[in-house]
Each structure stands twice: as C-alpha cells, then as structure tokens.
Amino acid sequence: MPTLPDAVIGDAYTTDHPATVLEALVECSPRMAGWSGELEAARTLAETFSKIGCRDVQTESFEIPGWWRGSSSLSVATRQPEYEHQHEILALPGTPAGTVSGRLVDVGYGMPEDFEDDTLEGNIALVSSASPSTADRWRHRIEKYGYAVEAGAAGFVFRNHVEGCLPPTGSINELDGPAAIPGVGVSKEVGAQLERYCAREDTEATLTVDCETGSAESRNVTGVLGPDTERELLITAHLDAHDIATGAQDNGAGCALVAEVGRLLAAVEPHLETRVRLLVFGAEEVGLLGSRHYAATTDVENIAGVLNIDSAGQSRNLAVITHGFEPIAAAADTTASDLERPIDVRDEFSPHSDHWPFVEQGVPGAQLRSVTDDSGRGWGHTHGDTLEKLDMRDVRDIAICAANIAFELGADVDSLEPASEETIKTGLLESGEAEGMKASGEWPFDG
C-alpha cells in the first residue's frame, strides 16, 4: 500500500497553512447555520480550495429552517434571582418559543430507565450531559430530549457536566421544523444549584424561551483533485458552528484539516488513482442539513467512500469510527504502522455527523475525531470553544494521518463495497444506537 512521500510529510510538519485557514474561519463568527458568518466561511473555504489547486470549485446554496436566538430565563420558587443571562442559560437551537411552568424534576443522566415513572408529566426535566461509566454507550443530547418528550415533560433543562460556568448549546432536533417543547442549556454550576432545589419535592419553576424561526439559506462548498474516475472519495467536514463561540474546535479545525488534507494530496496528485472531492457542509449543527441535501441530490453509487472530520484537533490522538467497513479500518491500521502514530480504530456506529446521510445508504464512511481522557465534548458547544484551546501541532499530526488514510483508500478503491440496508440496520441495533435514534425520531428504517 502507498504511503505519502517523506517530503510531503516533512512539509506538513512545518507549514502554517492549517493555522492560517483556521484563523480566517474563526474571524467569520458567528457561523450559525443561515447567518452571514456561515456565508463568509463558505467564501473563505472556496477561495482556499482554489488556492491549493482544486478544480471545479463550486458553492451550492440550499434552503433551511432558520433559527435566531432571543432571550431566555428560568425562575425557581426560591429566594434566588431569576436565571436569565447567556452565561447562565442558553436556548437550545430548534427549541420553540414559549413559557412553561411545572415542578423541576432531576432525572440524572437521562438514561431510559430514568424516565420510566410518571413524575415528568407536565413538569420540567433537569438532565445531565454526561453518561454513566456503566452505560453501554454515550447518550446524545437529542436522545435524552426525545425521552423527556415521550415522558410528557413540558420543558427540558440540559446541564453541563464539565465545570467552568459554561452552559452547553446544541440542537435538540435533527429534522426540519421546531422541536416539541422548550429546551435550554445550563452550566455545571447552575445545574448543581438546580439539583439541590430538586431535592425539595415542591420546587416549582417557570421556563421562558424567546426565539425566532423562518426561512434561511445555507451552503456547501466543493472542489476536486485527481483523475476523473467514475467513483470518488469524499473528504468532508462542516463549516457552520454555534453562535455563542468562534467554533474553533467544532468544527473550524475540521475544515482546516480538510483543506490541509487537500493540499497534501495535491502535492501527490499525479499519483492519485481515484478522484478526491473536498466537501464542506453547511447547517450540520441544526440537523446535518447540508450533508442530507448533498446525499439527496447526488448519485451516491458514485461515492466510493467518505472520510468525515468532526471534533478533531483538541488532541493529536486520532480515532477512526469505521461503522464496520473493514477497508477503512485496514487503511487506518496501515497508516498507524507506517507513520508510527497511534490511531484508535473503532468498529462502532456514530449517527450524529455528516458521514451519516451517506452511511445510512450503505456508502462506506468513517468519522475521524480526536480523543482525550476527558468525558464529553470538552470546550465544544460552549462559549469556551476558541482558538487558543487548540495546539496546531496536534492539527498537523491529524492532517498527515488523514491524508495518508485517504491516499491508501484511493489506491484500492475497489475494496470499498457498499453495505446493504440490512447490514447498517443490524449494526445500529447491535450497537444500541437504534434505541436512541428511535427515541429522537431519527430512525431511517421500517421496523
């Protein structure tokens, strides 16, 4: 199997290209889906793709349901003041506007068994962003929200488990249109105070969310390298971010990595055996809307595979989530061996990023992300997701590994065979992800 030439790897270890791209992207903030910052980021990346040698660089617009944050507040029947500032309470994108009142009920980690009694009916759920160490898998925010809705909750309060006075944001629905009940995020510290109030059985609370919805426009940006083969390999990331921070980690770093992988592959373009398409999606954070649009308007039979970079850069420890596609695992293992870099190859399913609209149709796909010893997103989805949190040495390391995985896969693209619907469905069932997708209304299959 081929490996990137030493000269290309040496250049990658000394370049400032990823840092330049990332710095330009964080200046586009806020990059919320459909906002002007997202448009500016799309223009920046289109220019970057052209500069690194991509041809046929295009920007495609598509309509999305827009969401604009207003003020939110949570009042509890105690002597404490009302929680109403953005450092205390954040509306979760997709939430409907409205005011609800009821008893504040702590449902802990928000595991399925935490919702089995009738205490939430007409009340407000307080749910941790963490999952217990004994859980079979990590539970996504959208899944917990779905359980709360099913249990009859009138409101949803999502409390961060990471300290630092940082309330978390994040969409609570991955489908078009508003979610079912008002939802907000609060910090670990505010959540701890609310948890103490919940110990009082008669603690009443009122949650008010003000927001606006309407039609908006998002964009995907694409450019190609290599020969004009019938099948192509996609290197992807999402360019949007939440409005409360600069989105350096999630997912400015991912976009910078796509651009750097493209630059490295452009240096060996005469040796590419398969067309490589760089593709950055808009509107990922509000329901994978950019990737769903692309998957719905493209002949996926011509997509040999997808390497999607999301939540990468907060460490140089790379994880590759393979969804059971052995050729991707083999390319990652070979890269780890050849470059003497540890790569955590995981035969798992992850349906919450832009590879998923392709994988659910059987297209071989993987998510590339950084892993750390900490639980959860870290600074991601908070005010703290800013540029100085990242070490560009980590980004360079990941770029080299990702480019080499792409180079390896492109040399043996015939090994990337589509999976059947039954195979994907079985993988989701066996991994436990089906349970969460059904709870949140994301299950794409019958039965």
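**View 1. Asp11 and Arg263 join their side chains in a salt bridge, with 2.8 Å from N to O.** A salt bridge here is a side-chain nitrogen of Lys or Arg within 4 Å of a carboxyl oxygen of Asp or Glu. The two partners come from distant parts of the chain, Asp11 from helix 1 and Arg263 from helix 6 (residues 248-266), 252 residues apart. Helices (H or I, at least four residues) and strands (E, at least two) are DSSP runs, numbered from the N terminus. Asp11 counts as partly exposed because its relative accessibility is 32%; buried means under 20% relative accessible area, exposed over 50%, and partly exposed in between (1.4 Å probe, protein chains only). Please keep in mind that this is a predicted model: local features need pLDDT of at least 70, side-chain atom pairs count only at pLDDT 80 or more, and totals for chains, interfaces and linings use all residues. Residues are numbered from 1 along each chain as its sequence is written, and side-chain values use heavy atoms, with hydrogens and water left out.

**View 2. Thr15 sits in the loop between helix 1 (6-14) and helix 2 (17-26).** With a relative accessible area of 10%, Thr15 is buried. Leaving aside residues up to four places away in sequence, Thr15 touches Glu260, Arg263 and Arg396, where contact means heavy atoms within 4.5 Å. Thr15 and Glu260 are 245 residues apart along the chain, and 9.6 Å separates their C-alpha atoms.

**View 3. Arg159 and Glu195 form a salt bridge whose closest N and O atoms are 3.9 Å apart.** Arg159 belongs to strand 5 (residues 155-159) and Glu195 to helix 5 (residues 188-198), so the pair ties together parts that are 36 residues apart in sequence. Arg159 is buried at a relative accessible area of 12%, whereas Glu195 is partly exposed at 34%.

**View 4. Further salt bridges can be found elsewhere in the model, which holds 23 of them.** The side chains of Asp344 and Arg346 pair up at 2.9 Å, N to O. Asp344 is partly exposed, with a relative accessible area of 32%, and Arg346 is partly exposed too, at 25%. Look also for the network of salt bridges that links Arg55, Asp228, Glu232, Glu269, Arg275 and Arg277.

**View 5. Asp243 lies in the loop between strand 8 (232-238) and helix 6.** Its relative accessibility of 17% is why Asp243 counts as buried. The Asp243 side chain makes a polar contact with the side chain of Arg69 at 2.8 Å; a polar contact is a pair of N or O atoms within 3.5 Å, and within protein one must be able to donate a hydrogen and the other to accept it, while residues adjacent in sequence count only if both atoms are side-chain atoms. Not counting residues up to four places away in sequence, Asp243 touches Pro30, Met32, Trp35 and Arg69.
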